[in-house]
Amino acid sequence: LQICPCAPAPLQLVQQGLFPCSPVYPALAVSLEMLEFVSMLFLHLAPNKTAWSDALTTFLARRGHVFEAQDSLCQQFTSAL
């Protein structure tokens with residue numbers, strides 16, 4: 001399956017195995033495999049998207065990837081999930 005460079009960004013992301021967190025101008029895309037894993041994890045644990053998002057935000061911040069809004073990752077990830 002070839003990806004057309006003129007296709008909308010969300011469609012291109014899905015074709016690459018990523019799920020856009022916004023239907024128009026996605027600022028974040030999450031691996032479909034990661035979403036499947038987290039969905040399975042949440043079936044077996046008490047759901048805690050906030051703790052997971054906070055841990056990932058801290059992990060990424062230490063590597064120079066900072067989000068503009070404090071809960072940006074949590075909100076976008078929750079929308080994708």
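Student: Before I look at the cysteines, what counts as a disulfide?
Tutor: A disulfide is a pair of cysteine sulfur atoms within 2.5 Å. Keep that cut-off in mind. Remember too that this is a predicted model.

Student: How many disulfides does the whole structure hold?
Tutor: The search finds zero. Take C21: its closest cysteine sulfur is in C74, 11 Å away, so the two are too far apart for a bond. C74 is in no disulfide either, with the sulfur of C21 as its nearest at 11 Å.

Student: Are C21 and C74 buried or exposed?
Tutor: Buried means under 20% relative accessible area. C21 has 14% relative accessibility, so it counts as buried. C74 has 15%, so it is buried too.

Student: Now the overall layout. Which pattern does the chain follow?
Tutor: Read the elements in sequence order. The pattern is α-β-β-α-α-α, from four helices and two strands. The C-alpha trace spans about 40 × 30 × 20 Å along its principal axes. Of the 81 residues, 20% are buried.

Student: What should I expect of nonpolar side chains?
Tutor: In soluble globular proteins, they tend to be buried together. Here, the largest nonpolar core has nine residues: C21, L28, V30, L35, V38, F42, L73, F77 and A80.

Student: Which residues does V30 touch?
Tutor: Skip residues up to four places away in sequence. V30 then touches G17, L18, F19, C21, L35 and F77. C21, L35 and F77 are also listed in the core.

Student: Which residues of α4 are buried, and where do they pack?
Tutor: The buried ones are S72, L73, C74, Q76, F77 and A80. They pack against β1 (18-20), β2 (29-31), α2 and α3 (49-61).

Student: What lies over the face of F59?
Tutor: R63 does, at 3.6 Å from the ring centre. As for ring-to-ring pairs, the structure holds one aromatic pair.

Definitions and conventions: Residues are numbered from 1 along each chain as its sequence is written. This is a predicted model: local features need pLDDT of at least 70, side-chain atom pairs count only at pLDDT 80 or more; totals for chains, interfaces and linings use all residues. Side-chain values use heavy atoms; hydrogens and water are left out. A nonpolar core is a set of buried Ala, Val, Leu, Ile, Met, Phe, Trp, Tyr and Cys residues joined through side-chain atoms within 4.5 Å. Buried means under 20% relative accessible area, exposed over 50%, partly exposed in between (1.4 Å probe, protein chains only). Contact means heavy atoms within 4.5 Å. Rings of Phe, Tyr and Trp (its six-membered ring) pair if their centres lie within 6.5 Å; planes under 30 degrees apart count as stacked, over 60 as edge-to-face and the rest as tilted. A charge sits over a ring if NZ of Lys or CZ of Arg is within 6 Å of the ring centre and within 35 degrees of the ring normal.
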